[in-house]
Amino acid sequence: MEPLANLKVIEMGQLIAGPFAAKTLGDFGADVIKIEAPIVGDALRKWRLLKDGTSVWWQVQSRNKRSLSLDLKLLEAQEIVRALIQEADILIENFRPGTLESWGLDPNDLLKINPELIVLRISGYGQTGPYRDKPGFGVVAEAMGGLRHLTAEPGRTPVRVGISIGDTLASLHGVIGILLALQERHTSGKGQVIDIALYEAVFNCMESLLPEYSAFGEVRQAAGSALPGIAPSNAYQCRDGKYVLIAGNGDSIFKRLMQVIGREDLGQDAGLGSNDGRVKRVGELDQAIGIWASQMTAEQVLEALDRASVPAGKIFTVEDIAKDPHYHARGMIETIHMKDGSALQVPGIVPKLSRTPGSIKSLAPEVGEQTDQILSEIGLTSQQIAALKEKGIAFTH
C-alpha cells in the first residue's frame with residue numbers, strides 16, 4: 001500500500017502551483033479528484049508543446065488524477081463540491097484570494113461541513129496583507145522573493161530560471177504543510193487552513209540574504225555563475241567551448257583540486273586553508289582553475305576531477321538527461337504509453353521511499369473523463385447525472 005492510499009484530495013487549482021502539489025500526493029497513492037472548468041478544462045492542457053492537441057506536460061502534471069468537470073458558478077455545482085468535501089481529507093486551491101468565497105465555498109464554512117478537512121490555499125501574496133488581492137504569478141513572486149535580483153551576470157538584465165520555480169517551490173511548501181497538518185490531525189482530530197504565498201516560498205529559500213543585510217547592510221548582488229561568499233565554486237570554460245561546474249569549496253576538497261591543477265602552492269597556502277580566506281582571493285583562484293580547464297576538453301576535466309574526488313559536473317541538456325545511465329538506474333526516466341499506443345518519457349517519482357514507494361498508476365485524464373464515476377460515488381443516480389449534464393452543470397469529455 002502506498003503511504004497516502006487512504007486519503008481523498010479535491011483539487012480546485014489550475015496551471016502549476018496547486019496541481020503540482022496534488023500530483024505529488026497522487027504519486028504516493030492519494031485519490032485526487034481534479035475539478036475542471038467545462039469543455040476546455042485546465043489551461044495547462046494547451047501550454048508548451050502539444051501532441052494531438054494536448055500538452056505533453058499535462059501527462060506529468062495530472063497523472064494519477066481523476067477529472068470532474070463542473071461549472072462552479074452554478075449553485076448545483078457548488079452543492080456537488082460540498083458533498084465531495086464531506087468525504088474528503090484535503091482541498092487544494094490556487095485561485096486569487098476571495099474566489100472560493102465568491103462560489104459560496106469559504107474554507108471556514110467547509111470546515112463546519114467537515115471539521116477534519118485540511119485546506120491548502122496557494123496564492124501570489126497570501127490570504128492576508130495589503131497585496132492579497134493583486135494577481136500574482138510565479139515569475140512575479142520570484143522577483144519579490146529576492147531570487148530574480150540574483151539571477152544575472154553582473155551589470156546585465158536579470159533573467160528567469162527558465163522554469164516556473166516560484167510555483168514549484170510554493171507547491172512543495174504546500175505539500176509540507178499538508179503533511180504537517182495530517183500529523184497534527186492524528187492528535188486533535190481537527191483540520192485547518194494552510195496559507196502559502198508564492199513569494200514567501202521563494203523568500204524562504206534565500207539563505208543568508210536577509211541576515212547579511214540586517215547585520216552588515218549588505219545587499220547581495222548578481223554574480224553570474226559564481227557562488228558569492230563561497231569559494232571556489234564556478235563554471236569554467238574548457239578547450240572545446242563547453243563549461244564544467246567545479247565546486248572546490250570544502251577545505252580538503254580545495255587542496256585536492258589545487259593538486260589536480262598543478263597549483264600545490266595554493267593548496268598549501270595557510271591563508272587559503274578555510275573559506276573566509278579563499279573568498280578574499282576568489283579572483284586569483286578562479287583564474288588559476290580557468291587556465292587549467294581551458295587547456296583540456298570538458299570530458300578530460302571531468303575525468304581528472306573524478307579521480308581526485310572533486311565535485312564537478314557538466315551542464316546537462318535534456319538530451320543528456322534522457323540518455324544518462326544514472327537517471328535510468330534511479331528510475332527517474334519512466335516510460336508511459338498514451339491512449340494511441342505511443343510511448344512518452346516522463347520524470348519518475350520523487351522522493352524515493354524504500355518500503356512504500358510511489359508510482360504512476362494512471363494517465364492524465366481527459367476533461368471530465370471520470371465525471372460520471374465521481375458523481376455516482378457521492379450517491380447520484382444515472383438519471384440525476386444525466387440531468388446535471390443536460391442543464392450544463394456537469395460535463396464529460
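Which residue is the bridge partner of Ile246 in E11? In this predicted model, where local features need pLDDT of at least 70, side-chain atom pairs count only at pLDDT 80 or more, and totals for chains, interfaces and linings use all residues, that partner is Ala312. Residues are numbered from 1 along each chain as its sequence is written, and side-chain values use heavy atoms, with hydrogens and water left out.

In the hairpin of E9 and E10, which has five residues between the strands, Gly241 takes a positive phi near 85 degrees. The covered face of E10 consists of Val244 and Ile246, whereas Tyr243, Leu245 and Ala247 make up the uncovered one.

Elsewhere, seven strands form an open sheet of mixed pairing in the order E8-E7-E6-E1-E2-E5-E14. Strand E8 (192-197) and strand E14 (394-395) stand at its edges with a single partner strand each, so one side of each is left without a neighbour in the sheet. Within this sheet, strand E6 (residues 90-93) runs parallel to strand E7 (residues 118-123), the two being joined by four bridges, and Glu93 stands opposite Arg121 in E7.

Note on methods. Pairing = 2+ DSSP bridges. Buried < 20%, exposed > 50% of the residue type's maximum accessible area, 1.4 Å probe, protein only.
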